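Subject: Structure handover

Hello,

Here is the structure you are taking over. Please open it beside this message and follow along.

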Amino acid sequence: MAPPPTILGSSFTGLLISRSLSRRGIAHTVIGGPRPPQSPRLGESMSEGSAIALWDLLGPSYRRFYHAKSHVSLACGKLAGMAVVAEPGRRLEDLPPIDPRTAAFGDVGARIVHVDRGRLDPVLYDEVRAHPCCEFIESRIQAVDFDPDLDRVTAVRLDDGQSRPIGMVFDATGYRGVVAAAAKLRHRHLSRLQRVVWMHRSRDEEMIDQPWWHHGTNLIRLQRQYDGVDGIAWMIPLGREVSVGISVDAHTHGPEVVSEVMLAEAVVRAYDRRGMPISRVFPRAGAARHLTHRYFVRGRAYGANWLLAGATYGQVWFPTSTGVATSALAAYLAPAFLERPSEVGAQYAAQFQSLRPFHDLIGRLVENNPPVHMDQMYRFWGAWIRGVLERLPEYLRIYGEHPKVRTSAIRVLTRVIRGHGLAWLGAGAFLTIRVQRVISPKDWETVFPTYHARRRFWWGNFAGGWVNYLGSRLAQVWRGDTGAGRLGPASNETAGHQ
């Protein structure tokens with residue numbers, strides 16, 4: 001009799017896979033660590049794919065950890081932009097559970113959320129361990145035995161010296177990648193070495209009048225001339241707390257140049273100067289946390305009896321909000337992978353590769369040429385929205401059997417607008433994108449809150465988008481700036497092998 005499926009690692013990815021197998025009644029083993037502490041984690045901002053998955057996989061009992069996400073904003077130099085992703089006035093408690101088999105685009109958008117991972121992960125861990133389908137072994141993995149001729153994992157060796165035979169296996173050990181290491185898989189770096197610093201700030205009571213930025217993910221492309229450092233920062237509200245952090249080049253902003261506390265303070269000042277006074281609204285600062293890493297993708301995602309799940313296969317730039325999405329995707333495909341590993345593994349790998357355009361878009365923003373003209377900012381958001389439309393049909397096909405959205409029609413549409421030029425922006429993207437010059441914090445306070453009045457916001461964007469975009473292009477032609485309107489190519493320094 002073959003051993004039951006084994007999940008290596010009790011990360012969020014491993015826990016989601018276990019829950020997916022348990023709800024199908026599939027007995028399995030998880031080899032993981034102790035209960036995670038209730039502390040801030042990365043991966044709090046959801047994309048449309050993870051929105052479908054979490055509402056279905058986790059169910060209503062986890063809704064208390066969700067906070068509605070209604071926009072993504074970006075400040076860059078003297079420009080600011082916003083893409084609206086959902087109705088800001090919606091109440092999550094009024095939304096029923098989602099059925100992926102009948103999900104339409106509007107159903108997905110209404111369920112895009114931020115997730116309080118610090119509180120959710122320990123609860124999910126307890127539930128996974130308590131389920132009768134799960135045998136949980138709390139142990140550290142010392143090594144994995146791998147047969148290269150058969151491309152199979154044969155056994156896992158634990159820190160107590162025992163060796164356990166393996167049937168099918170999901171590697172959820174992240175960058176460590178114990179199966180990937182045993183299979184001697186190379187991985188390609190997708191970025192320079194990054195230094196990430198983040199913290200949570202909090203307040204004692206709920207806000208009665210929430211500012212506009214409390215309803216979405218807020219990004220800043222920090223630049224030396226404005227902020228003293230180069231990098232990309234995030235601010236994600238989570239009820240009485242807010243997650244704040246920054247990613248900088250580890251070589252130019254190493255600890256010998258700037259400390260974690262100094263980077264955290266620079267981020268808070270940057271938001272304060274742009275009309276998002278988080279230091280006043282969330283006065284209590286938690287401890288600053290840090291890590292260094294590279295974005296990467298491994299040479300293969302799967303083998304005869306193994307799958308590199310979530311961040312074990314690869315990671316892309318965090319503003320794409322795809323970290324939890326890849327974990328959820330692996331969890332959704334896990335039961336089918338047990339039956340058809342080659343077919344499902346290829347499907348999983350292809351879906352991860354579809355995230356590369358998003359990664360490259362953010363890479364150009366961070367590592368090469370930030371937008372300096374309004375039309376460049378419009379093109380950035382146009383490419384962002386186009387990417388969502390391109391990957392949504394495949395998400396719906398994976399998460400549900402018969403989605404109401406005509407995926408073939410969306411594919412035809414995205415092919416037509418692939419150039420994301422003026423025709424694409426004018427066809428509808430102007431409705432949900434707002435770009436504004438920012439001279440003072442008041443520019444944020446007076447312009448962006450209007451997205452709560454949806455009709456006025458939409459049509460104001462549509463009319464103003466044409467004027468601002470064309471005016472920016474004509475001004476560049478008048479000045480002879482022929483290279484304007486493009487975000488530069490990705491730097492050759494971002495690729496490498498290990």
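This is a predicted model: local features need pLDDT of at least 70, side-chain atom pairs count only at pLDDT 80 or more; totals for chains, interfaces and linings use all residues.

Start with helix 1, residues 12–23, and helix 2, residues 48–57. Their axes are 11 Å apart, and the angle between the two helices is about 55°. Helix 1 and helix 2 are therefore oblique to each other. The crossing of helix 1 past helix 2 is left-handed. On the side of helix 1, the residues that meet helix 2 are Phe12, Leu16, Arg19, Ser20 and Arg23. On the side of helix 2, they are Leu54, Asp56 and Leu57. Sorted by class, the residues of this contact are 4 nonpolar, 1 polar and 3 charged.

Helix 2 also packs against helix 9, residues 323–339. The angle here is about 55° and the axes lie 9 Å apart. That angle makes helix 2 oblique to helix 9. Helix 2 and helix 9 cross in the left-handed sense. In helix 2 the contact uses Ser50, Ala53, Leu54, Asp56 and Leu57. These meet Val324, Ala325, Ala328, Ala331 and Tyr332 of helix 9. The contact of helix 2 with helix 9 has 8 nonpolar residues, 1 polar and 1 charged.

What remains is the pair of helix 1 and helix 9, which pack at an angle of about 35° with their axes 8 Å apart. Which hand does the crossing of helix 1 and helix 9 have, left or right? It is right-handed. Helix 1 contributes Phe12, Thr13, Leu16, Ile17, Ser20, Leu21 and Arg23 to the contact. From helix 9 come Val324, Ser327, Ala328, Ala330, Ala331, Tyr332, Ala334, Pro335 and Leu338. This contact divides into 12 nonpolar, 3 polar and 1 charged residues.

Some residues are listed in two of these contacts. Leu54 of helix 2 is in contact with helix 1, and Leu54 is also in the contact with helix 9. Tyr332 of helix 9 meets helix 2, and Tyr332 is in the contact with helix 1 too.

An open sheet is formed by 3 strands in the order 8-9-10, with antiparallel pairing. From one strand to the next, the twist averages 25°.

Strand 8 and strand 9 are joined over 6 bridges in the antiparallel sense. Two of the bridge partners can be checked by eye: Asp145 pairs with Ala155 of strand 9, and Phe146 pairs with Val153 of strand 9. The hairpin of these strands has 4 residues between them, and Asp151 takes a positive phi near 55° there.

Strand 9, residues 152–158, also pairs with strand 10, in the antiparallel sense over 3 bridges. Ala155 has Pro165 as its bridge partner in strand 10, while Val156 stands opposite Arg164 of that strand.

Another open sheet has 5 strands in the order 7-2-1-11-20, and its pairing is parallel. Strand 7 (134–138) and strand 20 (306–308) each have a single partner strand, so one side of each is left without a neighbour in the sheet. Neighbouring strands are turned by 15° against each other on average, direction ignored.

Within this sheet, strand 1 (residues 6–8) pairs with strand 11 (residues 169–171) in the parallel sense over 3 bridges. Leu8 stands opposite Asp171 of strand 11.

Aromatic pairs

How many aromatic pairs does the count come to? The count is 25 aromatic pairs. One of them is formed by Trp234 and Phe318, with 5.0 Å centre to centre and 70° between the planes, and it is edge-to-face. Trp234 lies in strand 15 (residues 231–238) and Phe318 in the loop between strand 21 (314–315) and helix 9, so this pair ties together parts that are 84 residues apart in sequence.

Regards

Technical notes. Residues are numbered from 1 along each chain as its sequence is written. Side-chain values use heavy atoms; hydrogens and water are left out. Axes are lines fitted to C-alpha atoms, for helices over the stretch in contact, and angles run from 0 to 180 degrees between N-to-C directions. Angles under 35 degrees count as roughly parallel, over 145 as roughly antiparallel, 65 to 115 as roughly perpendicular and the rest as oblique. A crossing is left-handed if the near helix is turned anticlockwise from the far one by less than a right angle, and right-handed if clockwise. Contact means heavy atoms within 4.5 Å. Ala, Val, Leu, Ile, Met, Phe, Trp, Tyr, Cys and Pro count as nonpolar, Asp, Glu, Lys and Arg as charged, and the others, Gly among them, as polar. Two strands pair if DSSP finds at least two bridges between them. Rings of Phe, Tyr and Trp (its six-membered ring) pair if their centres lie within 6.5 Å; planes under 30 degrees apart count as stacked, over 60 as edge-to-face and the rest as tilted.
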